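Open the model in your viewer and keep the sequence panel beside it. We will go from stop to stop, selecting residues as we go.

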Amino acid sequence: MLCDAVASKAGLRAGMRVTAARALLPTVHVVERDAAAEQAAMVRLACWAGEFTPRVSLVPAESNNGCHALLLDIGACLRLFDGIDVLMHRIAMGLHEQGMTAQVAVAPIAQAALWLAAEAPARMCSDLDEMHDLMRHLPLDVLPPQAAEVLGDFGMRTLGDVRLLPEAALARRIDAEALLLLLRGFGEIPDPRPLFDFPERFSMSLELPAAVESVEMLLFAAHRLVAALAGWLAVRQAGVRELALHLLHRRDATVVSLHFAEATRDKLRI
């Protein structure tokens, strides 16, 4: 179970049983996860992220303690965006416009960035020494549950405690997958990630939570799709001269076609 801000403030935590959650907060509203909708949202975010870098990786929930994640390789584009602060502000604003609440962190190593985003969001470290200092304080919960439980039984509480064990002794206590994950997180072995394969053609849908009758609400929803289109166009180094927006009603559909005098990928013009 994942929690929003209100639930977290009431003491609910990810992984808690529903019965325990209702004991703390009787009015809690439980929503079943929709795997297909989550995957579609992550694909939309990956296309949107193309505005910042073509090197985007999707991290599935099952390999990240139940949470989907998006990895952006931003090292080569910092100068283009006038530095890390400006870039992170634009990313934060873009996520908000996409209707997403995200925990964001920056680190030289991909797995370290994932762990810091989960446990120390908003941290931005640019060198390995600073990253290692932060990671030593992270709880065992960032590791796979079985490894965290075994290490906890030995009295360990943080990754710093784990790092005090010789690698051979650690390998006897946890499985090879957890050990490799730990080594990748600290940058001791490579951490290759498959890059998101931006589709050849852009065709994307967005399901609205309820029927919409106002133009303003339609434009608000369309803006999210346009932002994803702009990111996709940036990666493809292309522009659009015609855009078709299909509005699905209860019984039929309306097609809105937009035409431009010249090809553009500027989301403010589309």
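**Stop 1**

Select Asp82, which sits in the loop between β2 and α4. Keep in mind that this is a predicted model. Asp82 is exposed, because its relative accessibility of 65% is over the 50% cut-off. Now check its backbone. Phi of Asp82 is near 60°, a positive value in a residue that is not glycine. Most residues other than glycine have a negative phi.

Stay in the loop and select Ala76, which lies between β2 (69-72) and α4 (84-97). Is Ala76 buried or exposed? Ala76 is exposed, with a relative accessible area of 81%. Ala76 and Cys125 are 49 residues apart along the chain, and their C-alpha atoms are separated by 16 Å.

**Stop 2: another positive phi**

Move to Asn65, in the loop between β1 and β2. Phi here is near 55°, and Asn65 is again a residue other than glycine with a positive value.

**Stop 3: aromatic rings**

Show the aromatic side chains next. How many aromatic pairs does the structure hold? There are four. Select Phe52 and Phe81, a tilted pair with 5.8 Å from centre to centre and 50° between the planes. This pair links distant parts of the chain, 29 residues apart. Phe52 is in the loop between α3 (35-49) and β1, while Phe81 is in the loop between β2 and α4. Both Phe52 and Phe81 are buried.

Jump to Phe196 and Phe198. Their rings form an edge-to-face pair, 4.9 Å centre to centre with 80° between the planes. Phe196 counts as buried because its relative accessibility is 14%. Phe198 also counts as buried, at 6%.

Ring pairs link Trp48, Phe52 and Phe81 into a cluster.

**Stop 4: a pocket**

Keep Phe81 selected. Phe81 is one of the residues lining the second largest pocket. The pocket holds about 210 Å³ of space. What kinds of residue make up the lining? Five are nonpolar, five are charged and none is polar.

**Stop 5: a covered helix**

Select residues 110-119, which make up helix α5. Seven of the ten residues in α5 are buried, so this helix is mostly covered. The buried ones are Gln111, Ala112, Ala113, Leu114, Trp115, Leu116 and Ala117. What covers them? The cover includes the strands β1 (56-59) and β2. It also includes the helices α6 (128-135), α8 (159-163) and α10 (176-185).

**Stop 6: zoom out**

Clear the selection and view the whole chain. The protein chain has eleven helices and four strands. Its C-alpha atoms fill a box of roughly 65 × 50 × 30 Å along the principal axes. Of its 270 residues, 34% count as buried. The chain exposes about 17100 Å², and carbon and sulfur atoms supply 55% of that. Finally, turn to contacts between residues at least 6 apart in sequence. Of these contacts, 45% join residues at least 24 apart.

Notes: Residues are numbered from 1 along each chain as its sequence is written. This is a predicted model: local features need pLDDT of at least 70, side-chain atom pairs count only at pLDDT 80 or more; totals for chains, interfaces and linings use all residues. Side-chain values use heavy atoms; hydrogens and water are left out. On a 1 Å grid over the protein atoms alone, a cavity is a set of points where a 1.4 Å probe fits but cannot get out, and a pocket is an open set with protein on both sides within 12 Å along at least five of seven lines; lining residues have an atom within 4 Å of a point. Grid points are joined across faces, edges and corners, and a volume is the space filled by probe spheres set on the points. Ala, Val, Leu, Ile, Met, Phe, Trp, Tyr, Cys and Pro count as nonpolar, Asp, Glu, Lys and Arg as charged, and the others, Gly among them, as polar. Helices (H or I, at least four residues) and strands (E, at least two) are DSSP runs, numbered from the N terminus. Buried means under 20% relative accessible area, exposed over 50%, partly exposed in between (1.4 Å probe, protein chains only). Contact means heavy atoms within 4.5 Å. Accessible areas come from the Shrake-Rupley method with a 1.4 Å probe; for residues, only the protein chains shown count as cover. Rings of Phe, Tyr and Trp (its six-membered ring) pair if their centres lie within 6.5 Å; planes under 30 degrees apart count as stacked, over 60 as edge-to-face and the rest as tilted.
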